[in-house]
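Dear colleague,

I am passing on to you the structure we spoke about, with the sequence alongside. Please look through both, and then read the notes that follow.

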Amino acid sequence: MKINENQTKTDVIESLNNEIGISKSFFNKFIDAYFKIIFKKIKLEKKVIIKNFGTFRLLYKKKRIGRNPKNLKPYEINDRYVVSFKASSSLKNRINKNN
């Protein structure tokens, strides 16, 4: 795999299958169920902490005026919820360990 290539769900399933040896269909169901649970928790509790990985937070963004960078015309950006992620210090340390 190239260093800049995005990791797809299929790539993750393939890696798990090679590493652990359990069927790809099991991992497909597992990943779907895992993310479904995470999405529900974020929506209900506004925050999900995964130890040694990081924290997902649901943030509310108010309506504001934005600007189209091509033609500089202003337009309204509706209020919305966004998900932010902050990596844990453990994850940061593991990533930077070899640098």
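**Salt bridges**

Glu 45 forms a salt bridge with Lys 41, and their closest N and O atoms are 3.4 Å apart; the term salt bridge stands here for a side-chain nitrogen of Lys or Arg within 4 Å of a carboxyl oxygen of Asp or Glu. Before going further, please note that this is a predicted model, in which local features need pLDDT of at least 70 and side-chain atom pairs count only at pLDDT 80 or more, while totals for chains, interfaces and linings use all residues. Residues are numbered from 1 along each chain as its sequence is written, and side-chain values use heavy atoms, with hydrogens and water left out.

Glu 45 and Lys 41 are four residues apart in helix H2, so about one helical turn separates them. Helices (H or I, at least four residues) and strands (E, at least two) are DSSP runs, numbered from the N terminus. Glu 45 is partly exposed at 47% relative accessibility, and Lys 41 is also partly exposed, at 39%; in these notes buried means under 20% relative accessible area, exposed means over 50%, and partly exposed lies in between, with a 1.4 Å probe and protein chains only.

The structure holds three salt bridges. Another of them joins the side chains of Lys 9 and Asp 32, at 2.4 Å from N to O. Because Lys 9 lies in helix H1 (residues 9-20) and Asp 32 in helix H2, this pair ties together parts that are 23 residues apart in sequence. Lys 9 counts as partly exposed, with 36% relative accessibility, and Asp 32 is partly exposed as well, with a relative accessible area of 41%.

The side chains of Glu 14 and Lys 24 also meet in a salt bridge, at 2.7 Å from N to O. This pair links distant parts of the chain, with Glu 14 in helix H1 and Lys 24 in helix H2, ten residues apart. Glu 14 has a relative accessible area of 32% and is partly exposed, and Lys 24 is partly exposed at 41%.

**The nonpolar patch**

Helix H2 also takes part in a nonpolar surface patch, to which it gives the most, with five residues. The patch covers about 690 Å² and is made by Ile 20, Ile 22, Phe 26, Phe 30, Tyr 34, Phe 35 and Phe 39. Patches are made of residues with over 30% relative accessible area and no salt bridge, where like charges are joined within 9 Å and nonpolar side chains (Val, Leu, Ile, Met, Phe, Trp, Tyr) within 5 Å; the accessible areas come from the Shrake-Rupley method with a 1.4 Å probe, and for residues only the protein chains shown count as cover.

Three strands form an open sheet in the order E1-E2-E5, with antiparallel pairing. Its edge strands are E1 and E5 (80-87), each of which pairs on one side only, and the twist averages 20° from one strand to the next. Two strands are said to pair if DSSP finds at least two bridges between them. E2 and E5 pair in the antiparallel sense over eight bridges, and Thr 55 stands opposite Lys 86 in E5.

Helix H2 lies across E1, E2 and E5, and runs at about 135° to E1. Axes are lines fitted to C-alpha atoms, for helices over the stretch in contact, and angles run from 0 to 180 degrees between N-to-C directions; contact means heavy atoms within 4.5 Å.

**Residues in the loops**

Lys 46 lies in the loop between H2 and strand E1 (47-50), and its phi is near 70°, a positive value in a residue other than glycine. Lys 46 counts as partly exposed, at 42% relative accessibility. Asn 52, found in the loop between E1 and strand E2 (54-61), likewise has a positive phi in a residue other than glycine, near 65°, and is partly exposed with a relative accessible area of 43%.

Ser 88 is found in the loop between E5 and helix H3 (89-96), and this serine is buried, with a relative accessible area of 17%. Leaving aside neighbours within four places in sequence, Ser 88 is in contact with Asn 52, Phe 53 and Gly 54.

With kind regards
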